[in-house]
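Colleague: I have not looked at this structure before. Could you take me through it by question and answer?

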Amino acid sequence: MWFMRVRVEGESMLPVLRPGDWLVVRRGAEVRPGDLVVARLPGDHSRLIVKRAAWREGDGWWLESDNQRAPGRKDSWDFGAVPASLLVGRVVLRYWPFGRGLRPR
């Protein structure tokens with residue numbers, strides 16, 4: 001399966017993504033700085049996180065929240081660079097809700 005859908009929870013990606021937004025993610029897509037990505041949470045690989053790829057660091061990526069003040073946010077400031085093996089894919093569009101635009105930045 002090359003694409004998957006993901007529902008946004010939490011406020012860590014405000015204002016670009018809001019809780020309840022639905023995203024299409026291209027699995028295994030090339031990642032560049034500034035892209036929105038889905039990754040497995042280091043330490044709990046059963047959970048997925050949506051973050052912005054800030055920069056490449058060694059064999060991994062530094063992933064950041066757009067809203068650093070969000071309650072419960074977790075990103076590379078908490079766990080360091082995320083190994084490339086934990087990256088699931090790149091967000092290619094937001095398809096719900098309609099009317100808020102299709103491309104998240």
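Predicted model: local features only at pLDDT ≥ 70, side-chain atom pairs only at ≥ 80, totals over all residues.

The questions below go from the overall fold to the charged side chains.

Colleague: What radius of gyration does the protein chain have, and why compare it with a compact globule?
Modeller: The C-alpha trace spans about 40 × 35 × 25 Å along its principal axes. A compact globule with 105 residues would have a radius of gyration near 13 Å, so the chain's own value can be set against that figure. The two agree, the value for the protein chain being 13 Å.

Colleague: What percentage of the residues of the protein chain count as buried?
Modeller: A residue counts as buried when its relative accessible area is under 20%. Applied to the 105 residues of the protein chain, the buried share is 41%.

Colleague: How many salt bridges does the structure hold?
Modeller: Side chains of opposite charge can pair when their charged atoms come close. The protein chain has 19 positive and 12 negative charges, with mean positions 6 Å apart. The number of salt bridges in the structure is five.

Colleague: Which residue does Arg52 meet in a salt bridge?
Modeller: The N to O distance in this salt bridge is 2.8 Å, and the partner is Asp66. The pair links distant parts of the chain, 14 residues apart: Arg52 lies in strand β4 (residues 44-57), and the loop between β5 (60-64) and α1 (76-79) holds Asp66.

Colleague: Is Asp66 buried or partly exposed?
Modeller: For Asp66 the relative accessible area is 29%. Buried means under 20% and exposed over 50%, so Asp66 is in between. Asp66 is therefore partly exposed.

Colleague: Which residues do salt bridges that share partners join into one network?
Modeller: Arg73 forms a salt bridge with Asp75, their closest N and O atoms being 3.0 Å apart, and both residues are buried. Arg73 also meets Asp78 in a salt bridge, at 2.5 Å from N to O. Asp78 is partly exposed, with a relative accessible area of 46%. The network consists of Arg73, Asp75 and Asp78.

Definitions and conventions: Residues numbered from 1 in each chain as written. Heavy atoms only, no water. Salt bridge = Lys/Arg side-chain N within 4 Å of Asp/Glu carboxyl O. Helix = DSSP H or I, 4+ residues; strand = E, 2+ residues; numbered from the N terminus. Buried < 20%, exposed > 50% of the residue type's maximum accessible area, 1.4 Å probe, protein only. Rg over C-alpha atoms; globule rule 2.2 N^0.38 Å. Lys, Arg positive; Asp, Glu negative; His and termini not counted. Charge placed at Lys NZ, Arg CZ, Asp CG, Glu CD.
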